[in-house]
Amino acid sequence: DAQVPQTSTIFEGHFPGYPLMPGVLLIEAMAQTSGWLLIAMLNFERMPFLAAVKEAKMRTFISPGEALRIEASVAHEGSGFAVTEAKISVDGKLKCNATLTFRHVPFPHPDLRAHMEVMAAKIGFPKQAIANG
């Protein structure tokens, strides 16, 4: 879950007098959610990165202050790639969705994996779910 800020520089040109959450940031939110799902699925052993956005659909506007529910599920995984289905809803109403393709590779450096471990702790990522999964 995420809260769209009431005020932000993201709204300056999008649009004057009628602020809306930019579609590219909605795709990024779905990609980030999908990425964390894949990191968990890969036991923090491989790093996913966004390779393709397919079928992204912005169904209606998202305004400042709205509470977003961002969900992702794995549609396919194998051979160094994964495909997720992601969606964002507000008050139970679908606002946007996308099919996202990721490539996943070994972490290029131990420091990057360590950084992701720190970020997981910072955002309250439930790592115990991985061990118990």
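Strand 3 and strand 4 (residues 81-90) run antiparallel and are joined by 9 bridges, where strands, like helices, are DSSP runs numbered from the N terminus (E, at least two residues, for strands; H or I, at least four, for helices), and two strands pair if DSSP finds at least two bridges between them. This is a predicted model, in which local features need pLDDT of at least 70 and side-chain atom pairs count only at pLDDT 80 or more, while totals for chains, interfaces and linings use all residues. Residues are numbered from 1 along each chain as its sequence is written, and side-chain values use heavy atoms, with hydrogens and water left out.

Within this pairing, Ile70 stands opposite Ile88 in strand 4. Strand 3 and strand 4 form a hairpin with 2 residues between them, and Ser79 in the turn has a positive phi of about 55°. Strand 3, which covers residues 67-78, also pairs with strand 1 in the antiparallel sense, over 2 bridges, and here Ala2 stands opposite Leu68 of strand 3.

Helix 1 has 19 residues and reaches 27 Å from its first C-alpha to its last, close to the 27 Å expected at 1.5 Å a residue, the expected span being 1.5 Å times one less than the number of residues. Among the buried residues of helix 1 are Leu26, Ile27, Met30, Trp36, Leu38 and Ile39; buried means under 20% relative accessible area, exposed over 50%, and partly exposed in between (1.4 Å probe, protein chains only). Helix 1 is followed by Asn43, whose phi is positive, near 55°.

The structure holds 4 aromatic pairs, defined for rings of Phe, Tyr and Trp (its six-membered ring) whose centres lie within 6.5 Å, with planes under 30 degrees apart counted as stacked, over 60 as edge-to-face and the rest as tilted. The rings of Trp36 and Phe125 have their centres 5.1 Å apart and their planes at 40°, so this pair is tilted. The pair links distant parts of the chain, with Trp36 in helix 1 and Phe125 in the loop between helix 2 (110-122) and helix 3 (127-132), 89 residues apart. For Phe44 and Phe125 the ring centres are 5.8 Å apart and the planes lie at 70°, so that pair is edge-to-face. Phe44, in the loop between helix 1 and strand 2 (46-58), is 81 residues apart from Phe125, and both Phe44 and Phe125 are buried. Trp36, Phe44 and Phe125 form one aromatic cluster.
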